[in-house]
Amino acid sequence: MTVSMEEALYLAGTTLKVRRVFEAMDAGREDDAAAVVNALVVSTGARPQLDRVPGEPWQVHFHGADDTIAVGWSAGIASALTLAIGSDLGGRLGVCQARQCDRVYVDTSRNGVRQFCSRSCQSRMKAAAFRARSAGRAAR
Ligand SMILES: [Zn+2]
């Protein structure tokens, strides 16, 4: 599969918009997130479609105004975000709280209290907090 420079730039633009959605949801600004997602739905022409692989049952897929990698994938992402934000799953979109990390995540934990994109970031922040507490005790 080859991605043209034009498609790569289109997808990069989509990721910037998706980042804004995650930041808005993480900050409790659902109206801002919805506005970005709705604009993405319109610009990609996102629409549901039933697709089937021979021998398999029909499945709901999301397509765009065309099925290029850039527009098709962006439409799928936009559709997924509408389903998340339009349900009780919107609160599961988060921004990693670790310093020097710019990742976002979808919180799939049972209780929905995730703050970090990965165990690596969680461990790094726990270690930093431990060092800060230890340094505070040593200074007394
Ligand atoms: Zn992280």
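Visitor: What makes the span of helix α1 close to the expected one?

Guide: In this predicted model, α1 covers residues 5-26, 22 residues in total, and reaches 31 Å from its first C-alpha to its last. Helices are DSSP runs of H or I with at least four residues, strands are runs of E with at least two, and both are numbered from the N terminus. Residues are numbered from 1 along each chain as its sequence is written. Local features need pLDDT of at least 70, side-chain atom pairs count only at pLDDT 80 or more, totals for chains, interfaces and linings use all residues, and side-chain values use heavy atoms, with hydrogens and water left out.

Visitor: Why are the buried residues of α1 said to line one face of the helix?

Guide: Glu7, Thr14, Val18, Val21, Phe22, Ala24 and Met25 are buried in α1. Seen down the axis, these residues fall within an arc of 160 degrees, so they line one face; the arc is that of the directions from the helix axis to the C-beta atoms. They pack against α2 (30-44), α3 (69-85), β3 and β4, where contact means heavy atoms within 4.5 Å. On the other side of α1, Met5, Leu9 and Leu16 are exposed.

Visitor: Which residues coordinate the zinc ion, and what makes its site tetrahedral?

Guide: The SG atoms of Cys96, Cys101, Cys117 and Cys121 coordinate the zinc ion at 2.3 Å. Donors are N, O and S atoms within 2.8 Å of the metal (3.2 Å for Na, K and Ca); water is not among the atoms, so sites may look incomplete. Four donors count as tetrahedral if all angles lie between 85 and 135 degrees. The angles here are 105 to 116 degrees, and the site is tetrahedral.

Visitor: How many disulfides are counted?

Guide: A disulfide is a pair of cysteine sulfur atoms within 2.5 Å, and by this rule the count comes to zero.

Technical notes. Four donors count as tetrahedral if all angles lie between 85 and 135 degrees; four count as square planar and six as octahedral if opposite donors are over 155 degrees apart and all others between 65 and 115; anything else is irregular. The expected span of a helix is 1.5 Å times one less than its number of residues. Buried means under 20% relative accessible area, exposed over 50%, partly exposed in between (1.4 Å probe, protein chains only).
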